[in-house]
Amino acid sequence: MDGVSIPLDHVLLLASLLFICGLLGLMMRRNVIFILISLEVMLNASAVAFVAAGARWGQADGQVIFMLILAVAAAEVAVGLGLVIQIQRRFKSLDMDDADRLRG
Amino acid sequence: MLELILFYMASTIALVSTILALTRVNAAHALVYLILSLLAVAVVFYLIGAPFAAALEVVIYAGAIMVLFVFVIMMLNLGEKGDRREKQLLKPQIWITPVILAVLLLVELVLVLSQSAPAETQGLISSKEVGMALYGPYVLAVEIASMLLMAGLVGAYHLGRRYLEEGGGS
């Protein structure tokens, strides 16, 4: 069955394309919800790379790191969505450019 | 050969739905596309021999984390625009693309399940091996992850509580 196995390069290409999508979304969108979604896409892309590498070498380490990435994503989303609610309440909009008080 | 075709289909669906998710105007539509993208990535995980990661991707990512997003979008109520959006949801051009992509994923699922030997393309890593590694050499990382989740819980509680006291109360 080794002849038809999925090449590692293509999975890594998928991961990098997903990461680029997330990065472009992060830089182009100004809505807070979409910024969080872009962060999720980027975390997910790095998880794809880890799992693919772990599967390539037949080790479970890739999936262990995947579970740690899941924990990081869950904590990040919980705090980020709390911030989204605060931003909506203070600035009455979800536009990040309204929350630029730190710019001075 | 079938695994390769399924892999390319799933990755195409993942990429297309991610791009569609990040270019939507409405956040709820974007979430539907994002869930579709996560499901496609779960199929990819299954095909490269990580069924446990695929299950976790569906249960935690597409399930729990996306439910958090949906709750927050519901809390930021749309007000008077909500009714118009509700009418727009009934138009076919809103939901036809996610339905096509989801049907493609369903076809893949049926194809994978109808195979006698499910996708053992390269050495399958069982959940037992993952558990042995997780609580063997990685036990310190598990502790750190639990502390991170605790910090996230406290932070989310703090941010949400002030909202209820000041904004929701008056």
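Student: How many of the 21 residues of α2(B) are buried?

Tutor: In this predicted model, where local features need pLDDT of at least 70, side-chain atom pairs count only at pLDDT 80 or more, and totals for chains, interfaces and linings use all residues, side-chain values use heavy atoms, with hydrogens and water left out. Residues are numbered from 1 along each chain as its sequence is written, while chains are lettered from A and ligands numbered from 1 in the order in which they are written. For α2(B), 16 of the 21 residues are buried, so this helix is largely enclosed by the rest of the structure. Buried means under 20% relative accessible area, exposed over 50%, and partly exposed in between (1.4 Å probe, protein chains only). Helices (H or I, at least four residues) and strands (E, at least two) are DSSP runs, numbered from the N terminus.

Student: Which residues have the most contacts inside the largest nonpolar core?

Tutor: That core has 68 residues, and those with the most contacts inside it include Ile33(A), Phe66(A), Phe45(B) and Phe69(B). A nonpolar core is a set of buried Ala, Val, Leu, Ile, Met, Phe, Trp, Tyr and Cys residues joined through side-chain atoms within 4.5 Å. The helix α2(B) gives the most to this core, with 14 residues.

Student: What is Phe45(B) in contact with, beyond its neighbours within four places in sequence?

Tutor: Its partners in chain A are Ala47(A), Val48(A), Val51(A) and Phe66(A). In chain B, the partners include Ala50(B) and Glu57(B). Contact means heavy atoms within 4.5 Å.

Student: Changing topic: how many helices and strands are in chain A?

Tutor: Chain A has three helices and zero strands. Its C-alpha atoms fill a box of roughly 60 × 25 × 20 Å along the principal axes.

Student: What is the radius of gyration of chain A, against that of a compact globule?

Tutor: Chain A has 18 Å, whereas a compact globule of 104 residues would have a value near 13 Å. The radius is taken over C-alpha atoms, and the globule rule is 2.2 Å times the number of residues to the power 0.38.
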